[in-house]
Amino acid sequence: GGACVFLNKKSAYFRQVPESFRMDHIKAVSAIKDANMDMHLNLQSHLPDGRSVLTFIRPGTQPGLLLKMVKELPYKHVDQNYLPLSRVQVFSSEDESMSLNMFVYGEEAAGTFDVEVTGARILQYAKDLMEGEYEGSVDGRHPKPSPLFERENLLNYLNKCSESYITRSDPRRFLCQMQLFDGISGTEGTRVAVEESYLDGNDEQFWVDIAVANSLPQVALEQASRLLFLHKFDVQRCHLDTVSDGENGNVTHLRLLVTPIDHGVATKEFFSRLKRELRRSKWLDPSTMDLVFERYPWLGVRRGEIITAFCSLMHPIMAKVSPLAYSKVNILETITKKRYIDHAALIANLFLDKFDPEKLINGEEFVKRKEDLIKAIDSDVEDTTASELLYKMIDIVEHTLRTNIYLYDRYSLGLRLDPRVMVSEGEGERELPYGVLFAHGRRFNAYHVRFRDISRGGMRLVTPSSPEQYALESAHHYDECYGLA
């Protein structure tokens, strides 16, 4: 009887998990119950095509459980025996006494079956949709008719999908995810959609659909889980599938059923921010992710990006003053100390407000806020190194002419700078460039320097062999670009 605690027969578990696996799960849960042990078990098995299946059974359904398990998964992409994560299914018992999570590793072949037979339900639904059968439906959840859903286009897409993804997908969900795929096909982008769930009439449940181009599936799952946990959402169900995007690579589809831990936080504005941060998570530098996901979640992704970008930008400028005091590591550690992070956050606020298209603060207001920040640093910060860095951050805000911080689909944070900001204290006179651009993204920083409005040139890519070498090269980064220009 102990095994019967798991999910009623109408649940997705019984629809989507093969019977052979369900029998293994029942035997395992029964054995745990009979032995009066904690509901904590790992199972490893294989599918007929040789793919590996890891099943984690855990007590309860506490928030953050999925994130914890994803962090513990094997097959890291740097390992010799790496296998790609190709499917994930997360379920919980009806009484929330336990969760069962299945992680499938290894490639599943696409197009080795008759897609017209396997995808018959999806093809019929799309046909009905295109003929207007769902027009004016009460719940408004059906996608609108689109040339994308015409039979030939749909068959082309079905041929890119695995058999398990097609057979276990609800037709409506399949077409909605196809729309997300179409939005990023041929790119490196991310698309996110959120809708209310109608399961059990619970108005505090939401489906979050994410499509990520060319991301390691395990990394995409971990980043999404981390962001949702950060925003106090509990993941109750999760599905992961990958779809081929031809020569461009592949797209990872994530579908997560989430519920807010705190009631009433799921506003339209909140989901707008969540969608923006989910799109950005693929492109965040590890230093930014550590800052906003682990150390200071209250900062938010945008402010975290600004702070780590400014720290990287300051390094080649300040290192000329004192290579040791203003090393790459010291700059980041100093600015992000507990006693200084509030000042850095306020400077990031000034940067955001300066370029906010809905605010566009005037020059007089900017000068006042800048002076207020300087006064606060003068009175609160005794450490000279810290105060000089904070002053330089304000200087960068003032000398930034344009930025892409508010662009919808940016890959990195870009700044167009007044070249005077790159002049170090005590530096001898030299010709100022016509323009300087700086970009900060996932594991990279880049400068573009030119001495005319339109200039010929090339690009140089430097890939240091270690973090220590990277820090040393970073100190000369701007000067090297200046010299090449």
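The model is predicted.

The largest pocket has a volume of about 1,400 Å³. It is lined by 44 residues, and those closest to its centre are Phe444, Asn445, Ala446, Tyr447 and His477. Several elements contribute at least two residues each to this lining: helix 11 (286-295), helix 12 (301-318), helix 13 (328-335), strand 12 (444-450), helix 17 (467-475) and helix 18 (477-484). Strand 12 gives the largest share, with seven residues. Sorted by class, the lining of the largest pocket holds 19 nonpolar, 14 polar and 11 charged residues.

Helix 12, one of the elements in that lining, can be checked for its length. With 18 residues at 1.5 Å a residue, helix 12 should span 26 Å, and its end C-alpha atoms are 25 Å apart, which agrees. How many of the 18 residues of helix 12 are buried? The count is 18 of the 18, so helix 12 is largely enclosed by the rest of the structure.

The next spaces are cavities, which a probe of 1.4 Å fits into but cannot leave. There are four cavities of 30 Å³ or more. The largest cavity has a volume of about 180 Å³. Its lining consists of 19 residues, with Gln62, Leu65, Leu66, Asp234 and Val235 closest to the centre. Helix 3 (65-72), strand 3, strand 4, helix 9 (217-230) and strand 7 (233-244) each provide at least two residues of this lining. By class, nine residues lining the largest cavity are nonpolar, eight are polar and two are charged.

The second largest cavity holds about 70 Å³ of space. Among the residues that line it are Thr190, Ile210, Val212, Gln223 and Lys282. Two or more residues of this lining come from each of strand 6 (206-213), helix 9 and helix 10 (268-281). Which element gives the largest share of the lining of the second largest cavity? Helix 9 does, with three residues. The lining of the second largest cavity has six nonpolar, four polar and one charged residues.

Ser52 lies in strand 2 (residues 52-59). Is Ser52 buried or exposed? Its relative accessibility is 4%, so Ser52 counts as buried. The side chains of Ser52 and Gln44 are joined by a polar contact of 3.3 Å. Ser97 is found in the loop between strand 3 (85-92) and strand 4 (98-105). Ser97 has a relative accessible area of 31% and is therefore partly exposed. Ser97 and Pro59 are 38 residues apart along the chain, while their C-alpha atoms are separated by 5.9 Å.

The cysteines come last. A disulfide needs two cysteine sulfur atoms within 2.5 Å, and the count here comes to zero disulfides. Cys176 is in no disulfide, and the nearest cysteine sulfur, that of Cys161, is 14 Å away. Cys481 is in no disulfide either, with the nearest cysteine sulfur, that of Cys311, 19 Å away. Cys481 counts as buried because its relative accessibility is 18%, and the cut-off for buried is under 20%.

Conventions
Residues numbered from 1 in each chain as written. Predicted model: local features only at pLDDT ≥ 70, side-chain atom pairs only at ≥ 80, totals over all residues. Heavy atoms only, no water. Buried < 20%, exposed > 50% of the residue type's maximum accessible area, 1.4 Å probe, protein only. Helix = DSSP H or I, 4+ residues; strand = E, 2+ residues; numbered from the N terminus. 1 Å grid on protein atoms, 1.4 Å probe; cavity = no way out; pocket = protein on both sides within 12 Å on 5 of 7 lines; lining within 4 Å. Points joined across faces, edges and corners; volume = space filled by probe spheres on them. Nonpolar A, V, L, I, M, F, W, Y, C, P; charged D, E, K, R; others polar. Expected span 1.5 Å × (residues − 1). Polar contact = N/O pair within 3.5 Å; in protein donor to acceptor, adjacent residues only side chain to side chain.
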